[in-house]
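Hello,

Here is the structure I said I would pass on. My notes on it follow below.

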Amino acid sequence: MSTKTACKECEKDFLIIDEEEKFYEKKKLPHPEQCPSCRQKRRLSLRNERVLHKRKCDKCSKDTISTYAADSEYQVYCQECFWEYLG
Ligand SMILES: [Zn+2]
Ligand SMILES: [Zn+2]
């Protein structure tokens, strides 16, 4: 099984496979919001800046982590709200 997600950057759909999902959950990482190729580009351009910011979920205000800073325009959801949002 895998999860279909729309890339936030290029808006293409990409799949998060089960193993990948388990990996994120195990590491308590947020699920990716970009397709692999956008992530790759991002990684290359932000090589020295792979910082995870502590943020509050925009929906339930629980503490969560994100690659987006607290003052970024992006909405950040904790994992629970993210899955709820995906339906
Ligand atoms: Zn993309
Ligand atoms: Zn939340």
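The centres of domain 1 and domain 2, taken over C-alpha atoms, are 15 Å apart. Domain 1 covers 1–47 and domain 2 covers 51–87; these bounds come from an automatic or database domain assignment.

On conventions: this is a predicted model, in which local features need pLDDT of at least 70 and side-chain atom pairs count only at pLDDT 80 or more, while totals for chains, interfaces and linings use all residues. Residues are numbered from 1 along each chain as its sequence is written, and chains are lettered from A and ligands numbered from 1 in the order in which they are written.

The protein averages a pLDDT (the predictor's confidence in each residue, from 0 to 100) of 86, and 94% of the residues score at least 70. Strand 2 (residues 13–17) has the highest mean, 92, and helix 2 (residues 36–45) the lowest, 83.

There are 3 helices and 4 strands, counted as DSSP runs numbered from the N terminus (helices H or I, at least four residues; strands E, at least two). Their order from the N terminus is β-β-α-α-β-β-α.

The C-alpha atoms fill a box of roughly 30 × 30 × 25 Å along the principal axes.

Of the contacts (C-beta atoms, placed from the backbone, within 7 Å) with a separation of 6 or more, 21% join residues 24 or more positions apart.

Regards

Key
Contact = placed C-beta atoms within 7 Å.
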